[in-house]
Amino acid sequence: MFVFHIWLHNSQKKTLPVLKKSHPHYGEIYSQVLQDVVKRVKVTFDRFLSGDSKGNRSGRPRFKSRDRYRTFTYPQIKDDCIEGSVICLPKLGDIKLILHRPIPDGFKIKTVSVTKKADGYYVTLSLEDLTVPTIKPDFNPDLITGIDMGLKEFLATSEGETVAIPQHYRKSQRRLRVIQKRVSRRKKGSNRRLKAVKQLGRQHKKVADKRKDFHFKTANNLLKKYDVVAVEDLNIKGLARTRLALSVHDAGWSSFLSILSNKAENAGLLVIAVNASGTSQDCSSCGVKVPKKLHERWHSCQCGCSLDRDHNAAINIRKRAAGHSVLKAQRLLSNSRIG
């Protein structure tokens with residue numbers, strides 16, 4: 001099956017010149033963009049048949065209609081494709097753009113993706129910088145915090161600080177419900193329905209943008225204070241199938257942890273994922289298990305430890321990360337420099 005799939009992928013790429021002759025409008029599309037589409041089909045079937053590096057398989061590939069195909073990619077692009085506020089794309093020519101921040105010196109543009117969203121077209125640049133360190137050689141292993149993700153508060157740190165959960169989706173539910181009713185009441189295929197669908201898309205994007213902005217600011221604030229952030233290794237997909245699904249998706253834990261890890265890696269800092277089992281139940285002072293139901297928000301132990309449940313969990317997360325091999329190596333390195 002795998003060998004046949006590779007052969008099918010190669011044969012599809014070879015038929016592209018023939019396709020341009022039988023369907024002349026394909027000649028208006030840049031050749032590498034068409035090749036990338038074939039590659040994306042191959043990757044989709046690979047994930048369905050073989051799974052990813054962890055063996056997790058995706059669902060059965062579905063046909064993507066013209067209306068659902070919103071992104072195309074240039075796998076290779078010239079370094080000087082952007083001049084001022086204009087980007088030059090093969091077959092499309094010079095296009096004006098709003099560059100929201102300048103490209104740093106030394107970075108090379110590797111790929112360009114053009115995406116159609118509810119409020120317009122966006123260009124995503126994939127950049128390469130060989131100078132980004134894996135881990136900063138002089139980071140302080142003692143500047144470490146543990147964070148516990150929650151639905152009452154977005155997160156609590158082992159130092160007792162909390163970040164309120166903004167609930168962007170829940171605050172927008174009333175407006176979304178009104179627009180959704182407007183869509184459902186209008187005739188399918190009509191211009192008025194299409195207009196309502198676009199309005200609904202813009203409203204959903206507004207919610208997503210607010211959530212993403214909150215995630216970036218929260219991650220930035222954490223990495224300004226700490227060199228190491230310890231987090232729980234949560235099964236977020238599993239939690240998203242429970243009765244807490246709406247709250248979990250609204251909080252966007254998976255997106256936040258991804259942003260936090262990427263920003264830490266770019267800064268040469270460290271994010272450590274620890275086993276989440278028992279972090280809320282175990283006492284952070286004496287280690288004794290103190291069973292609590294989900295609605296019980298206060299931890300009180302016979303040893304005298306009394307504090308918020310999330311604060312207690314964050315301390316346990318920090319303690320579990322303290323024995324990480326990278327932190328031990330860094331401490332030994334710091335001690336040898338002092339000696």
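This note goes through the fold, the salt bridges, the cysteines, the surface patches and a few backbone details of a predicted model.

1. Basis of the values. The model is predicted, so that local features need pLDDT of at least 70 and side-chain atom pairs count only at pLDDT 80 or more, while totals for chains, interfaces and linings use all residues. Residues are numbered from 1 along each chain as its sequence is written, and side-chain values use heavy atoms, with hydrogens and water left out.

2. Overall make-up. The protein has ten helices and 13 strands, these being DSSP runs numbered from the N terminus (helices H or I, at least four residues; strands E, at least two). Taken along the principal axes, the box filled by the C-alpha atoms is roughly 80 × 60 × 50 Å. Of the 339 residues, 32% count as buried, where buried means under 20% relative accessible area, exposed over 50%, and partly exposed in between (1.4 Å probe, protein chains only). The areas themselves come from the Shrake-Rupley method, in which only the protein chains shown count as cover for residues.

3. The structure holds nine salt bridges, each defined as a side-chain nitrogen of Lys or Arg within 4 Å of a carboxyl oxygen of Asp or Glu. One of them joins Lys205 to Asp209, with an N to O distance of 2.7 Å; the two residues are four apart in helix H5, and are therefore separated by about one helical turn. Lys205 is buried at a relative accessible area of 12%, whereas Asp209, at 37%, counts as partly exposed.

4. Arg211 and Asp250 meet through their side chains at 3.3 Å, N to O. Arg211 lies in helix H5 and Asp250 in helix H7 (residues 245–251), so this pair ties together parts that are 39 residues apart in sequence. Both Arg211 and Asp250 are buried. A further salt bridge is formed by Asp282 and Arg320, whose closest N and O atoms are 3.5 Å apart. Here Asp282 sits in the loop between strand S11 (270–274) and strand S12 (298–300), and Arg320 in helix H9 (residues 309–322), so that the pair links distant parts of the chain, 38 residues apart. Arg320 is partly exposed, with a relative accessible area of 33%. Salt bridges that share partners also join Asp119, Lys205 and Asp209 into one network.

5. Cysteines. With a disulfide taken as a pair of cysteine sulfur atoms within 2.5 Å, the count comes to zero. The sulfur of Cys283 has its closest cysteine sulfur in Cys301, at 3.8 Å, which is too far for a bond. Cys283 is buried, with a relative accessible area of 2%. Cys305 is likewise in no disulfide, its nearest cysteine sulfur being that of Cys283, 4.1 Å away; Cys305 is buried, at 13% relative accessible area.

6. Charged surface patches. A patch is made of residues with over 30% relative accessible area and no salt bridge, like charges being joined within 9 Å. Lys and Arg count as positive and Asp and Glu as negative, leaving out His and the chain ends, and each charge is placed at NZ of Lys, CZ of Arg, CG of Asp or CD of Glu. The positive patch includes Arg40, Arg62, Lys64, Lys116 and Arg192, and its largest share, four residues, comes from helix H5 (residues 191–225). Arg62 is placed in the loop between helix H3 (31–49) and strand S1 (71–74), and is exposed at 69% relative accessible area. The negative patch is formed by Asp79, Asp80, Glu83 and Asp94. Asp94 belongs to strand S4 (residues 93–96) and is exposed, with a relative accessible area of 60%.

7. Backbone points to inspect. Most residues other than glycine have a negative phi. Lys91, however, has a positive phi near 75 degrees; Lys91 is found in the loop between strand S3 (86–89) and S4, and is exposed at 55%. Gln167 also has a positive phi, of about 55 degrees, and lies in the loop between strand S9 (162–164) and helix H4 (168–185), where Gln167 is partly exposed, with a relative accessible area of 32%.

8. Thr218, located in helix H5, is buried with a relative accessible area of 6%. The C-alpha atoms of Thr218 and Val163 are separated by 8.1 Å, although the two residues are 55 apart along the chain.

Note on methods:
Patches are made of residues with over 30% relative accessible area and no salt bridge: like charges are joined within 9 Å, nonpolar side chains (Val, Leu, Ile, Met, Phe, Trp, Tyr) within 5 Å. Accessible areas come from the Shrake-Rupley method with a 1.4 Å probe; for residues, only the protein chains shown count as cover.
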